[in-house]
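Please view the sequence and structure below before reading on.

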Amino acid sequence: MNLPIALENISLDQRLNNISVTIRQPGITCLLGANGAGKSTLLLVLAGLIEPEQGKVHWGQTDVYATPLAVLSVHRCFVAQQHSIQFELSGRECLQFLSPCQSSDIPGELIRKLDIADLLDKPVSRMSGGELQRIMISRALLQVWPAIKSGNAIIVLDEPLQGVDIRHQTVLMQWLSALAKVGNQIIMSCHDINIANTFADTVLLVKAGQMLAYGPTRDVLNLSNLWLTFDCQFECLFKDEQRHFIPVRHATGF
Ligand SMILES: Nc1ncnc2c1ncn2[C@@H]1O[C@H](COP(=O)(O)OP(=O)(O)OP(=O)(O)O)[C@@H](O)[C@H]1O
């Protein structure tokens with residue numbers, strides 16, 4: 001069972017403008033917004049990695065910016081949008097060298113769900129983009145593995161699906177859903193509205209550094225909010241009562 005994550009009046013130079021939101025329930029929260037909207041910045045602030053100029057971040061009773069990073073990192077992991085590995089490491093070394101996790105064993109569940117068995121002895125410099133992404137997600141989850149197993153991890157993922165093929169995306173999102181059901185908080189950005197629609201419990205829409213809407217996915221993901229968020233028209237198709245959002249193709253383009 002996790003504690004609420006509360007952002008209170010968060011502002012940071014031109015990037016974030018007075019954002020207040022409380023993510024109460026454990027689950028998957030998906031941040032959606034156009035390029036440059038402020039999703040990565042908001043994730044970094046929420047994760048305790050960039051202190052805002054104004055406002056407070058609390059995880060339950062913990063005042064995030066009054067707490068040492070080493071303490072926060074026992075429960076919170078972060079996958080950045082861009083990876084820079086300076087060393088010639090194998091997948092296994094990347095997981096073990098960069099993770100503060102005491103155990104040198106990599107859990108079988110992690111290896112299976114991220115499908116990284118064949119990557120453990122492969123140099124990261126020779127991995128494809130999607131393979132490296134799966135290693136970096138694994139590394140982050142390993143960092144907080146004990147917290148994940150006790151259902152009180154905060155897993156912050158900035159576009160975790162970028163470069164990842166559709167089968168691995170589906171397996172990962174289903175697993176994250178299962179981890180959320182036992183109390184873990186998963187907060188992620190993505191650019192795939194239908195992934196958010198299928199897997200997110202709540203959605204947070206961001207535009208020009210401001211929060212447009214936050215709430216249950218079914219309520220927040222609708223045609224008018226999508227138009228406001230992306231300046232792009234969608235249509236909604238139903239199959240077996242499940243909604244699917246398709247961008248409308250304009251004859252004249254934009
Ligand atoms: N270190 C920085 N200092 C100042 N401004 C920055 C910095 N990093 C990013 N920005 C700006 O802040 C704004 C928000 O960037 P951010 O990376 O949070 O957007 P995003 O919603 O994650 O975008 P994308 O979908 O392209 O990843 C952008 O205008 C960006 O140019």
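How many bridges join β7 to strand β8 (residues 185-189), and do these strands run parallel or antiparallel? Five bridges join β7 to β8, and the two run parallel. The model is predicted: local features need pLDDT of at least 70, side-chain atom pairs count only at pLDDT 80 or more, and totals for chains, interfaces and linings use all residues. Residues are numbered from 1 along each chain as its sequence is written, and side-chain values use heavy atoms, with hydrogens and water left out.

**Strand β7 and its partners**
- Strands are DSSP runs of E with at least two residues, and helices are runs of H or I with at least four, numbered from the N terminus.
- Two strands pair if DSSP finds at least two bridges between them.
- Strand β6 (residues 76-79) is joined to β7 by four bridges, and these strands run parallel; C77 has I155 as its bridge partner in β7.
- On the β8 side, L157 has M188 as its bridge partner.
- From β7 the chain passes through helix α7 (residues 166-181) to β8 in a right-handed β-α-β crossover (clockwise from the first strand over the helix to the second, with the strands pointing away from the viewer).

**Burial of β7**
- Five of the five residues of β7 (residues 154-158) are buried (under 20% relative accessible area, 1.4 Å probe, protein chains only).
- I154, V156 and D158 point one way from β7, while I155 and L157 point the other way.

**The antiparallel sheet**
- Four strands form an open antiparallel sheet in the order β2-β1-β4-β5.
- Because β2 (16-23) and β5 (62-63) each have a single partner strand, one side of each lacks a neighbour in the sheet.
- Two bridges join β4 (residues 54-59) to β5, where T62 stands opposite W59.

Methods:
Buried < 20%, exposed > 50% of the residue type's maximum accessible area, 1.4 Å probe, protein only.
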